[in-house]
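Subject: Structure handover

Hello,

Here is the structure we talked about. Please load it before reading on; my notes follow.

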Amino acid sequence: MSTLSSSTTGSDQTTIQNEYINVVVTYELRKDKFHAFLQAIRPVVVNANKAEGCLRFNIHQDQKNKCKIVLMEEWKGHRYMRAHLKAEYVKKFNEEQKKQNMAIKPPTVYFCGEPLISIS
């Protein structure tokens, strides 16, 4: 997570810290590393879903290309997501995927806020 902009005031920072956040990460895996990736990320999915502030955390597979993976996360706020990123299970996953060179290219990460259109 990047640091907050220097133009953000103290009260704005508090709002951002508590703001709901969606994270979408896309991976393009090497075919021979697909199962190793699933094995490596399983503890992340299990532990993240137990983590404080996690609303939802799972991986999905593209229907046309099984090596394209989408990780979808929902957090109650940035502070919960940052705590998750510092967790040992995330560090272990990051080390393992780097060591085994699982992805064809670095993942693409999107940090999104609340839905723009809400239907009640």
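Strand β1 (residues 21-28) is joined to β4 by five bridges, and the two run antiparallel. Within that pair, V24 stands opposite Y110 in β4. Strands here are DSSP E runs of at least two residues, helices are H or I runs of at least four, and both are numbered from the N terminus. Two strands pair if DSSP finds at least two bridges between them.

First, the basis. This is a predicted model, in which local features need pLDDT of at least 70 and side-chain atom pairs count only at pLDDT 80 or more, while totals for chains, interfaces and linings use all residues. Residues are numbered from 1 along each chain as its sequence is written, and side-chain values use heavy atoms, with hydrogens and water left out.

Now the rest of the sheet. β1 also pairs with β3, antiparallel, over eight bridges. There, T26 stands opposite V70 in β3. β2 and β3 run antiparallel too, joined by seven bridges, and C54 stands opposite W75 in β3. These two strands form a hairpin, with six residues between them.

Overall, the four strands make an open sheet in the order β2-β3-β1-β4, with antiparallel pairing. β2 (54-61) and β4 (108-112) are the edges; each has a single partner strand, so one side of each lacks a neighbour in the sheet. The twist averages 10 degrees from one strand to the next. (Angles run from 0 to 180 degrees between N-to-C directions; axes are lines fitted to C-alpha atoms, for helices over the stretch in contact.)

Helix α3 (residues 78-85) packs on this sheet and touches β1, β2, β3 (68-75) and β4. Contact means heavy atoms within 4.5 Å. The direction of α3 makes about 130 degrees with that of β3.

Next, the helix pair. The axes of α2 (residues 34-50) and α4 (residues 88-100) come within 9 Å and cross at roughly 170 degrees. The two are therefore roughly antiparallel to each other (the term covers angles over 145 degrees). From α2, the contact includes A36, F37, A40 and I41. From α4, Y89, V90 and F93 are among the residues involved.

Last, confidence. pLDDT is the predictor's confidence in each residue, from 0 to 100. The protein averages 88, and 85% of the residues score at least 70. Over residues 1-12 pLDDT stays under 50, and the model has ten contacts beyond four places in sequence for them. Where pLDDT is low, the predicted coordinates should not be read in detail.

Best wishes

Terms used. Angles under 35 degrees count as roughly parallel, over 145 as roughly antiparallel, 65 to 115 as roughly perpendicular and the rest as oblique.
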